[in-house]
Amino acid sequence: MTTIGRLHLRDEINEIEKRALGGMDIVADQLDRTLRVIVDRDFAMADMVIADDDRIDGRFLEVHSDILSLIARQAPVATDLRLLAALLDVIRRIERMGDQCVNVCKVLMLAPEAPTDDLSLTERVLEMGRKARAMSVESARAFARRDVEGAERLCRLDDEIDALNREVFKIAVALGRDDDAREWAMRMTQVSRAIERIGDNAVDIGEETAFVASGVYREFEDASHAAT
């Protein structure tokens, strides 16, 4: 490949990366709206979250198609191919984060009113959501900067989300003794699990950051499983 051809290839890859990571801005907006649905039971907002998932799906299809087309046309190797392979996974993780926001809103639309005393379960779910949003944004930032240390720090936030998820389950069990609160508590465990998965996907993006930077794929702390 000529020098000009290589520069053109790099420009194309940079543009694809920019569009892929830009999908995280949509996810952050979706999470903000989803948290409002949790607080206000704003079902009009929930409908907006569900409808806007098409934007994330469209970004996924666009970036995925462009990467495969570029590989077929230019046959990139070494670091260029590694970056493109990582971006295929990154955009897939972003699309899944959007799906989890939709899942939360659909569950909330089925949930009954919260009990008068929810034993602070809602506050824990909101805290999970705030941490998941921070993780999502930071995972994209770390990838863009090839910041491996920043990517590894995502595990600490993910551990906090996992701990809150376990607290939500314990509270839901306690609330389940009340017939009127049982269904709401069950629905909120579904919400909590969806948010927990957003954190896991952010960690996965962090792992792709390390792969791009080093050329070696490795898992961080197994953040998707409880410690034994």
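Good morning, colleagues. Please keep in mind throughout that the structure is a predicted model. I shall speak about charged pairs and then turn to aromatic rings.

A search of the whole structure finds 25 salt bridges.

Let us begin with aspartate 66 and arginine 19, whose side chains meet in a salt bridge at 3.0 Å, N to O. Where do these two residues lie? Aspartate 66 belongs to helix H2, which covers residues 43-74, while arginine 19 belongs to helix H1, residues 3-40. The pair therefore ties together parts that are 47 residues apart in sequence. As for accessibility, aspartate 66 is partly exposed at 27%. Arginine 19, with a relative accessibility of 18%, counts as buried, because the limit for that class is under 20%.

Let us stay with helix H2 for the next pair. Arginine 55 and aspartate 52 form a salt bridge of 3.7 Å, N to O. Both residues are in helix H2, 3 residues apart, which is about one turn of the helix. Are these side chains buried or exposed, or something in between? Arginine 55 has a relative accessible area of 44% and is partly exposed, whereas aspartate 52, at 18% relative accessibility, counts as buried.

I turn now to the aromatic rings. How many aromatic pairs does the count give? The count comes to 1 aromatic pair. The partners are phenylalanine 211 and tyrosine 217, and the centres of their rings are 6.4 Å apart. How are the two rings arranged? Their planes stand at 65°, so the pair is edge-to-face; the reasoning rests on a cut-off, since planes over 60 degrees apart are placed in that class. Phenylalanine 211 counts as buried, at 17% relative accessibility. Tyrosine 217, by contrast, is partly exposed at 44%.

To close, I would recall two points. Thank you for your attention.

Technical notes:
Residues numbered from 1 in each chain as written. Predicted model: local features only at pLDDT ≥ 70, side-chain atom pairs only at ≥ 80, totals over all residues. Heavy atoms only, no water. Phe/Tyr/Trp six-rings, centres within 6.5 Å; stacked < 30°, edge-to-face > 60°. Buried < 20%, exposed > 50% of the residue type's maximum accessible area, 1.4 Å probe, protein only. Salt bridge = Lys/Arg side-chain N within 4 Å of Asp/Glu carboxyl O. Helix = DSSP H or I, 4+ residues; strand = E, 2+ residues; numbered from the N terminus.
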